Amino acid sequence: MKQILFTLLSLVLVTQINAQEPSTENKETKMPELVLVFTKTTGFRHQSIEKGVQTFRELGRKNGFIALQTESGEDFTPQNLKNYKLVVFLNTTMDVLNDAQQKAFESYIKNGGSYLGVHAASDTEYDWPWYGKLVGGYFVSHPEQQKAKIEVLDKTHPSTAHLQDVWMHFDEWYNFKDLNPNVHVLLKLDESSYKGGINGDNHPIAWYHEYDGGRVFYTGLGHTEASYDEPEFRQHLLGAIEWCLKRK
């Protein structure tokens with residue numbers, strides 16, 4: 001990963017230099033923002049991970065950021081993390097970082113880095129209380145995959161601005177425990193619209209907050225491969241990314 005990152009940054013720099021013409025007006029060239037997509041699993045492995053990575057790459061090509069995937073906790077060092085404006089936990093599961101890597105990630109957030117958790121990011125690091133508050137809640141169970149009614153509570157956020165008041169979506173719906181009461185909930189599930197919900201009237205499924213110095217976004221959607229082809233979900237992810245990158 002380090003060699004890939006060095007090569008990538010070198011190519012971007014060379015491209016920028018070659019693109020400059022002395023006799024033309026001087027326009028500042030902005031270096032693409034780097035997004036680290038972390039997909040390590042030590043528990044259940046989602047088949048949609050590869051499709052999710054592809055989606056982040058496609059969104060990046062169209063929207064001025066570069067998504068780089070890693071399966072290795074060794075990329076969680078202070079020196080490496082400072083290269084990234086955003087770290088995505090894409091369907092990670094169980095224990096994925098050791099103590100030193102956890103401290104490096106905590107430092108990254110405290111220094112203004114951003115985090116985006118997708119679906120099973122809440123099925124990750126149950127013995128790391130700081131992470132539990134960061135992600136906003138832990139997975140506890142789920143019923144079979146089915147369509148459910150999502151209530152859009154706030155359309156002022158870029159991740160939800162494109163949605164109608166109600167969004168019908170097919171996915172695997174997580175039930176949560178240890179929900180952080182300080183997050184701002186954007187979407188919640190109507191448990192009367194499907195079978196197997198146990199959170200009752202307060203069943204958030206996407207939220208954001210600022211935590212310990214950084215921006216944090218979580219969406220419980222994204223279990224199925226088909227989700228990543230759905231325009232509404234792709235825009236939901238893009239809006240979350242742009243907010244985490246502090247563009248909006």
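This is a predicted model: local features need pLDDT of at least 70, side-chain atom pairs count only at pLDDT 80 or more; totals for chains, interfaces and linings use all residues.
**Arginine 45 and its partners**

Arginine 45 has a relative accessible area of 31%, so I log it as partly exposed. I then looked for its charged partners. Its side chain meets that of glutamate 50 in a salt bridge, 3.3 Å from N to O. Glutamate 50 is partly exposed too, at 47% relative accessible area. A salt bridge also joins the side chains of arginine 45 and glutamate 71, at 2.8 Å from N to O. Which parts of the chain does this second pair tie together? Arginine 45 sits in the loop between S1 and H2, and glutamate 71 in the loop between S2 and helix H3 (78–81), so the pair links parts 26 residues apart in sequence. Glutamate 71 comes out as partly exposed, with 35% relative accessibility.

**Other salt bridges**

I searched the whole structure and found nine salt bridges. One of them pairs aspartate 190 with lysine 149, with 3.8 Å between the closest N and O atoms. I placed aspartate 190 in strand S9 (residues 184–190) and lysine 149 in strand S6 (residues 146–152), so this bridge ties together parts 41 residues apart in sequence. Is aspartate 190 buried or exposed? Its relative accessible area is 15%, and the cut-off for buried is under 20%, so aspartate 190 is buried. Lysine 149 is partly exposed at 27%. I also noted a network: Glu33, Glu242, Arg247 and Lys248 are joined by salt bridges that share partners.

**Helix H2**

Next I checked H2, residues 49–63. Its 15 residues reach 21 Å from first C-alpha to last, close to the 21 Å expected. I listed its buried residues: Ile49, Lys51, Gly52, Val53, Thr55, Phe56, Leu59 and Gly60. Lysine 51 is on that list.

**Helix H6**

How many residues of H6 are buried? I count eleven of the 14, so the rest of the structure largely encloses this helix. The buried set includes Phe233, Leu237, Leu238, Ile241 and Trp243. Arg234, His236 and Glu242 are buried as well. Glu242 is also a member of the salt-bridge network noted above. After H6 comes lysine 246, whose phi is positive, near 65°.

**Nonpolar core**

I turned to the largest nonpolar core, which has 69 residues. The members touching the most others are Phe89, Phe105, Tyr115 and Tyr131. H6 supplies the largest share, seven residues.

**Histidine 119**

I looked up histidine 119 in the loop between S4 and helix H5 (129–135). Its relative accessible area is 0%, so I log it as buried. Which residues does histidine 119 contact, beyond its neighbours within four places in sequence? I found His46, Asn91, Glu172, Tyr174 and the run of Tyr218, Thr219, Gly220, Leu221, Gly222 and His223.

**Largest pocket**

I checked the open space next. The largest pocket holds about 210 Å³. It is lined by 15 residues, and the closest to its centre are Tyr84, Tyr108, Asn111, Gly112 and Gly113. Two elements give two or more residues to the lining: H3 and helix H4 (99–110). H4 gives the most, with three residues.

**Whole chain**

I closed with the totals. The protein chain comes to six helices and eleven strands. Of its 248 residues, 54% count as buried. For contacts with a separation of 6 or more, 72% are between residues 24 or more positions apart.

Conventions: Residues are numbered from 1 along each chain as its sequence is written. Side-chain values use heavy atoms; hydrogens and water are left out. Helices (H or I, at least four residues) and strands (E, at least two) are DSSP runs, numbered from the N terminus. The expected span of a helix is 1.5 Å times one less than its number of residues. Buried means under 20% relative accessible area, exposed over 50%, partly exposed in between (1.4 Å probe, protein chains only). Contact means heavy atoms within 4.5 Å. A salt bridge is a side-chain nitrogen of Lys or Arg within 4 Å of a carboxyl oxygen of Asp or Glu. A nonpolar core is a set of buried Ala, Val, Leu, Ile, Met, Phe, Trp, Tyr and Cys residues joined through side-chain atoms within 4.5 Å. On a 1 Å grid over the protein atoms alone, a cavity is a set of points where a 1.4 Å probe fits but cannot get out, and a pocket is an open set with protein on both sides within 12 Å along at least five of seven lines; lining residues have an atom within 4 Å of a point. Grid points are joined across faces, edges and corners, and a volume is the space filled by probe spheres set on the points.
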